[in-house]
Amino acid sequence: MPNFYQTAMFHAERFPKKIAVSDGERSLTFADLCKRARAQAAYLRSLGVSRGDRVALMLNNSIEYLALL
């Protein structure tokens, strides 16, 4: 079963300009969501986080939460 990022990437390759998430005030396309997720992953790697490490998230339901997920 694909994870959220894999599903977003699948759609980003096919429908990059389609809205992926919206919170009523803001929205991100699939391409923008994947770009944000990759940027946040790079930031975590720069802090020393690597594959398999556990990271706690303390966020409300939001676009940021989905990008970090």
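Student: How many residues does α2 have, and how far does it reach?
Tutor: Helix α2 has 17 residues, and from its first C-alpha to its last it reaches 24 Å, which is close to the 24 Å expected at 1.5 Å a residue. The expected span is 1.5 Å times one less than the number of residues in the helix. Helices here are DSSP runs of H or I with at least four residues, strands are runs of E with at least two, and both are numbered from the N terminus.

Student: And what kind of model am I looking at?
Tutor: This is a predicted model, in which local features need pLDDT of at least 70 and side-chain atom pairs count only at pLDDT 80 or more, while totals for chains, interfaces and linings use all residues. Residues are numbered from 1 along each chain as its sequence is written, and side-chain values use heavy atoms, with hydrogens and water left out.

Student: Ok, back to α2. Which of its residues are buried?
Tutor: The buried residues of α2 are F30, L33, C34 and A37. They lie on the same side of α2, because they cover an arc of only 95° around the axis, where the arc is that of the directions from the helix axis to the C-beta atoms. Buried means under 20% relative accessible area, exposed means over 50%, and partly exposed is in between, with a 1.4 Å probe and protein chains only.

Student: What do those buried residues pack against?
Tutor: They pack against α1 (4–14), β1 (19–22), β2 (27–29) and α3, where contact means heavy atoms within 4.5 Å.

Student: And which residues are exposed on the other side?
Tutor: On the other side of α2, K35, Y43 and S46 are exposed.

Student: What follows α2?
Tutor: G48 follows α2, with a positive phi near 100°, and G48 belongs to the loop between α2 and α3. Its relative accessibility is 55%, so G48 counts as exposed.

Student: New topic. How many salt bridges are there?
Tutor: The structure holds four salt bridges, each being a side-chain nitrogen of Lys or Arg within 4 Å of a carboxyl oxygen of Asp or Glu. Side chains of opposite charge can pair when their charged atoms come close.

Student: Which residue does E64 meet at 2.7 Å?
Tutor: The side chain of E64 meets that of R26 in a salt bridge (2.7 Å, N to O). E64 lies in helix α3 and R26 in the loop between β1 and β2, so this pair ties together parts that are 38 residues apart in sequence.

Student: What about R36, which residue does its side chain meet?
Tutor: The side chain of R36 meets that of E64 in a salt bridge of 3.9 Å, N to O. That pair links distant parts of the chain, with R36 in helix α2 and E64 in helix α3, 28 residues apart. Taken together, D23, R26, R36 and E64 are linked in a network of salt bridges.

Student: Is E64 buried or partly exposed?
Tutor: E64 is partly exposed, with a relative accessible area of 27%, and R36 also counts as partly exposed at 30% relative accessibility.

Student: Last one: which residues make the nonpolar surface patch?
Tutor: V55, L57, L59 and L68 make a nonpolar surface patch of about 290 Å². Patches are made of residues with over 30% relative accessible area and no salt bridge, with like charges joined within 9 Å and nonpolar side chains (Val, Leu, Ile, Met, Phe, Trp, Tyr) within 5 Å. Accessible areas come from the Shrake-Rupley method with a 1.4 Å probe, and for residues only the protein chains shown count as cover.
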